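The sequence and coordinates follow.

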Amino acid sequence: MAAGLMCALFAGEASAHPMPNSVITISLADAGARFDVAIPLPDLRLALPASIPATADLRLEPQRTALIDYLTAHTALESTGAVVRPVVESVAVDESVDENVGRYQELRVRMFAAAGPRFAPREFSLHYDAVIHQVPTHYTMVRVVQDSHAARLAAQPDDNARVIRFDFARNEVAALPIVSAAPSPWRERRAAAMIGAALLIGLVSLRRRA
Amino acid sequence: MLKTPKAALTAILLVLAAAAVVMAAQRGRGGFGAALPAWYTNRSVPLGPVDASAAERTCTSTQGHARIVCLADLLKRELQPELLTRLQLPYNVADARRWSNFPPMGYRNRVGPTLAEFTPAQVGVIKALLKAAAGDVANEGYDEIEQILNADDFLKNNTGESGFASGNFQVAFIGTPATTGTWELYFGGHHLAFGSTYKDGVLVGATPSFRGVEPFTSFRENGRENAPLVQEQAAFAGMLTGLTAAEQGRAKLPQTYTDLVVGPQRDDNFPKTKAGVRVGDLSDDKRQRVLQAIETYVRDIDPPDAAVILTRYRSELAETYVAFSGTPAMGAENDYVRIDGPSVWIELSMQPGRSLPGVHPHSVWRDRTSDYGGNR
C-alpha cells in the first residue's frame, strides 16, 4: 500500500502503467538506521537471479536466503570512510493496490544497520540498486520518516522524498546522501510534544465517539 | 484540571501543534481519487462526425504554415474571453512540457481548454487545424488522433470510469500563431501529445510526440473501426524479426524495460551511449524496414514537413541504432524497442492492460536536437 500511495502522490512524475515504484522508508536513531523496503513483486522477479524459480515463495527456503543475499548485495551504506551492509531482519509478502495496475503482490523487507565505528546513522550514502540494475525504468522513492533529531514524524508532509533511478545520461545509479540534522534538545522536546499532542487529539476523538 | 493560565496555554499550544500535524498528513495532492477539475466534463466530442468544411473554406486560399495560422486566428475570433485566455498562452517551454500519457485522473496539468468547452463550429475549426498540422494520411496524423480520441470514448462506455472521454482532450497555442516569432500548436490528452513548434513560419520541432492506445487491437467506436497503432507495432516487429539471429543478439538489451526511457517529464533522459545493432551495418532491405518504422511516427505531421525531417533521418541512418528487450514480435507485456540516431529517438513499450485485458502500447517520438523546437 505504501508503494501505491507514494505512486499516487507522485502521479505527475510517473510516466506510464508499469508496476509502481519501490519505496524505502528510513528511520534514524542513535542506535542505528532502519530501512523498510517495499518492492512490487512482478518487477522484483524480473531482476532476481535465474537460480530463484519465477513462482517460488520468497518467504521459504532456499529462496529466502537467496533473496536476502540478493538484497544485501544491492544495498550498501557508506559512511566514515567504510562500507557496511544492513542486516535483513524480516521478509514478508503482502497485497497492495495501485490505481493503474490494480492489486499486486509486494515484498516487504526490514533491514537494520547498527551504529558503530564503521557506520554513522545520521550521515551516510545509500547505495541501492535492487531491481533497477536489471529494470532500469524502475525507480525507488526514499523518505526519512522518523528522526527525532530533526523532529520529523511519519505524519508530516512528504517534503523530503527523493528518488533513486537509473541515470541514463550518466549510465549509473547514483548514491543517495542521507544527512540528518545535528542533535538538538529543543527539536527532541518538540517532537515529543507533537507525539503527545497527536495522542491527545486521538483520545479526545475516541471519547467523543463513545 | 488546568488550574493555571500557564498550564492552559501549554495545553492549547499542544493541541494546535497536533492539529497542524494531522491536517498536514491529510493534505492530498489531488491525484487519483480526487475530484477532477470542472473543465473535464467527461462529455464525448468525437471528431469524426464534426463538420470542418466551413473552416476549411475560410482558409482555402492558404497552405502550409499560413493555413495553420489562418485557422488558429479563425478559432480565436469571437471566442469567449475566458476560453481565449486559456487557449492563447505566451510562449514558454514550461507549458510545452506539460504533457503526459495519463488520463486526467492521473495528470491534470495540461494547458488549454477541453474540446467539450467549444461550440460545434469551433470544434470544426480545431479539426481543420489538426488536419492541416498533422496531415491526413490514413491511420497517421489526424486520422490517428481521431482514433485515439475514439479509444477514450470506448473506455468511457466500457468501464464507466470518470475521466475518459474525447471531450476531455485539450488544445492550446503556446505563443501567438503568426508568421514571425515562436509558437507551438499543442493538442493532447490521454495517450496523446501532439506539439509542433514553429519559428518565423517554419516548423522547427515536431517532438515530443506521444502516442498510446487502449484497447490496442481493432475496436468499433463512433461509427468506425479503430486501430491507430497496429501499423506501428507491425513495422517494429517486421524490423526486428527481419534481423538475423546474430543481429538480434547484438540488438537485444541485457535488461528489461517496463516503460519508456524518455517519457513525459523525462526530457533529458537520453542515454549517454548508444546500444544495439548499428543500422549502417545492416543490408539495404533491413535499413528500409528501419525507415518504415520511423515513418510511422514522422508521417504524423503534414507531408511537406514530414519529408524534410525524413530526409535528415535518412542521411543519419548509418549511425542510427536499433535495440529491443523482450521478444522481437513486440506483442507481449514488457516488449520494448527503440530507434536511437544522432537525431531521431523513437521508443515503444508494450504495457499491461490498465482498463481492459491484454497489452497496450506506449510510444514516443523524440528528437535529440529539436525537441520543443530546440528550446530549453
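**Helix α10 of chain B.** I looked up which residues of α10(B) are buried, that is, under 20% relative accessible area, where over 50% is exposed and the range in between partly exposed (1.4 Å probe, protein chains only). In α10(B) they are Lys286(B), Val290(B), Leu291(B), Ala293(B), Ile294(B), Glu295(B), Thr296(B), Tyr297(B) and Val298(B). Helices here are DSSP runs of H or I of at least four residues, strands are runs of E of at least two, and both are numbered from the N terminus.

**Basis.** I note that this is a predicted model, in which local features need pLDDT of at least 70 and side-chain atom pairs count only at pLDDT 80 or more, while totals for chains, interfaces and linings use all residues. Residues are numbered from 1 along each chain as its sequence is written, chains are lettered from A and ligands numbered from 1 in the order in which they are written, and side-chain values use heavy atoms, with hydrogens and water left out.

**Helix α8 of chain B.** I repeated the check on α8(B), residues 230–241: its 12 residues reach 16 Å from first C-alpha to last, close to the 16 Å expected. Buried in α8(B) are Glu232(B), Gln233(B), Ala235(B), Phe236(B), Ala237(B), Met239(B) and Leu240(B). I list among the elements covering these residues α7, α9 (245–251), α10, β10 (321–325), β11 (336–340) and β12 (344–352) of chain B.

**Helices α6 and α7 of chain B.** The axes of α6(B) (120–134) and α7(B) (141–159) come within 7 Å and cross at roughly 130°. Axes are lines fitted to C-alpha atoms, for helices over the stretch in contact, and angles run from 0 to 180 degrees between N-to-C directions. I class α6(B) as oblique to α7(B), because angles under 35 degrees count as roughly parallel, over 145 as roughly antiparallel, 65 to 115 as roughly perpendicular and the rest as oblique. The contact (heavy atoms within 4.5 Å) involves Lys127(B), Leu130(B), Lys131(B) and Ala134(B) of α6(B), with Gly141(B), Tyr142(B) and Ile145(B) of α7(B).

**Strand β3 of chain B.** Is β3(B) enclosed or open? Seven of the eight residues of β3(B) (182–189) are buried, so the strand is largely enclosed by the rest of the structure. Two strands pair if DSSP finds at least two bridges between them. I find β3(B) antiparallel to β2(B) (170–174) over five bridges, with Ala172(B) partnered by Tyr186(B). Eight bridges join β3(B) to β4(B) (192–199), also antiparallel, and Leu185(B) stands opposite Ser196(B). Their hairpin has two residues between the strands, and His191(B) there takes a positive phi near 65°.

**Sheets of chain A.** I traced an open sheet of seven strands in the order β5-β6-β2-β1-β8-β9-β10 (chain A), with mixed pairing. Its edge strands are β5 (87–98) and β10 (172–173) of chain A. Within it, β8(A) (139–147) and β9(A) (162–167) are antiparallel over four bridges, and Met141(A) faces Val163(A). Helix α3(A) (63–73) lies across β2 (32–40), β5 and β6 (102–114) of chain A, at about 95° to β5(A).

A four-strand open sheet has the order β4-β3-β7-β11 (chain A), with antiparallel pairing. I record an average twist of 30° from one strand to the next. Three bridges join β3(A) (75–79) to β4(A), where Ser79(A) has Ala82(A) as its bridge partner.

Definitions and conventions
The expected span of a helix is 1.5 Å times one less than its number of residues.
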